[in-house]
Amino acid sequence: MGKITDTITTIKSIWGGGAYEAAQPSRHRATNAFHQSRPVDEDKAIGSHGRSALRLEARNLYRNDPLARAIVTRFANNVIGANGITPQARTNDFKWNEKAESYFDNWSKYCDSREILTLKEISKILVISQFLDGESFVLLTDDGKLQPIEAERVATPTNAFEPSAIIRDGVRLDKSGKILGYYICNRDEGGYINNEDWSYVEKKNVIHLTRSTRFDQIRGIPELAPVINSIRDYSELSKATLQKAKLDAFRAFALKREKGSKGGPSNLGARNGSPNVDLATTPPIEKNGMAQIYYIGKDERIDTLESK
């Protein structure tokens, strides 16, 4: 009897959640443990395809949903500010302070290795990328400039013939999990990532901007990921509500003739009081502002058409 009791206790501790109610299975509550949520590291849990799907969904919201775009853009503007990042030198040498601040101000205008964006513009895009991509990369060039790299360009090459290399979504690791470098793929003429055209860059020359939520996590997750469905549901509800309001704003009526009544089919379009209408046989129409009043016959009725 004692062995049976011990066995039951062991089973309950494994499958019953122990002392925590949230871990106990119940027919009244759906559980995500060991299904949607698995005991693996975050990169394996989402996978390369899942991460790409989240990025595409987040970018679609930013492009087309005014609420998502306003939230992300306002956050980026508040973080970076109107003047961007402007460090202030605070040494005892005031002349050096002035020269240092002047140098940084001038450098920030031409820091992009492609000579397209200023430091302020790069900084805002980096903040936006945290929401949409969950991460971004910046290469430090030999001439002291910055080369921004979009997150999807860091990917595992299809032709990297190094059997002993440990590569996780474009990031090369050693056996202890230390990051050694990044595989940066170029885009083809269609704008898609070409996993056969790549460059390997050592970690010391790359700034990886991300916010991990777990110790073993290597790649980033879009900040919008937990609220994508909620924002999408709100957007769909808003559109449906607006569509219903538009339908209800236009009151439509259908004129129906009772079965067995005399006369041909009614034509509401012709009842406009024009001289060509025979008022003796066709009910007249009275226009009042944006409304129209029909004087229908004895065997006719008007039904309201509205959304339900």
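How many aromatic pairs does the structure hold? The structure holds five, where rings of Phe, Tyr and Trp (its six-membered ring) pair if their centres lie within 6.5 Å, and planes under 30 degrees apart count as stacked, over 60 as edge-to-face and the rest as tilted.

## Ground rules

This is a predicted model, with local features needing pLDDT of at least 70 and side-chain atom pairs counting only at pLDDT 80 or more, while totals for chains, interfaces and linings use all residues. Residues are numbered from 1 along each chain as its sequence is written, and side-chain values use heavy atoms, with hydrogens and water left out.

## The chain overall

The protein chain has six helices and 11 strands; these are DSSP runs (helices H or I, at least four residues; strands E, at least two), numbered from the N terminus. Of its 308 residues, 26% are buried, meaning under 20% relative accessible area, with exposed over 50% and partly exposed in between (1.4 Å probe, protein chains only).

Now for contacts, meaning heavy atoms within 4.5 Å. Among those between residues at least 6 apart in sequence, 56% join residues at least 24 apart.

## Aromatic pairs

One of the five pairs is Phe104 with Trp107, which is tilted, at 5.6 Å centre to centre and 40 degrees between the planes. Both residues sit in helix α4 (residues 94-109), three residues apart, or about one turn of the helix. Phe104 is partly exposed at 23% relative accessibility, and Trp107 is partly exposed too, at 22%.

Another tilted pair is Tyr183 and Tyr200, whose ring centres are 4.9 Å apart with planes at 50 degrees. This pair links distant parts of the chain: Tyr183 is in strand β5 (residues 179-187) and Tyr200 is in strand β6 (residues 193-202), 17 residues apart. Tyr183 is buried, with a relative accessible area of 0%, whereas Tyr200 is partly exposed at 32%. Together with Trp198, Tyr183 and Tyr200 form one aromatic cluster.

## Arg219

Where does Arg219 sit? Look in the loop between β7 (206-210) and α6 (228-249). Arg219 counts as buried because its relative accessibility is 2%. Its side chain makes a polar contact of 2.7 Å with the side chain of Glu135; the term covers a pair of N or O atoms within 3.5 Å (within protein, one must be able to donate a hydrogen and the other to accept it, and residues adjacent in sequence count only if both atoms are side-chain atoms). A polar atom of the Arg219 side chain also lies 3.0 Å from the backbone oxygen of Val154.

Leaving aside neighbours within four places in sequence, the contacts of Arg219 include Asp43, Arg51, Arg55, Phe137 and Asp169.

## The largest pocket

The largest pocket has a volume of about 450 Å³. It is lined by 21 residues, with Ile125, Ser129, Pro148, Ile149 and Glu150 nearest its centre. By class, that lining has 11 nonpolar, three polar and seven charged residues. α5 gives the most, with six residues, and α2 (42-64), α5 (119-132), β1 (135-140) and β2 (146-149) each supply at least two.

As for terms, a pocket is an open set of points on a 1 Å grid over the protein atoms alone, where a 1.4 Å probe fits, with protein on both sides within 12 Å along at least five of seven lines; lining residues have an atom within 4 Å of a point. Grid points are joined across faces, edges and corners, and the volume is the space filled by probe spheres set on the points. Ala, Val, Leu, Ile, Met, Phe, Trp, Tyr, Cys and Pro count as nonpolar, Asp, Glu, Lys and Arg as charged, and the others, Gly among them, as polar.
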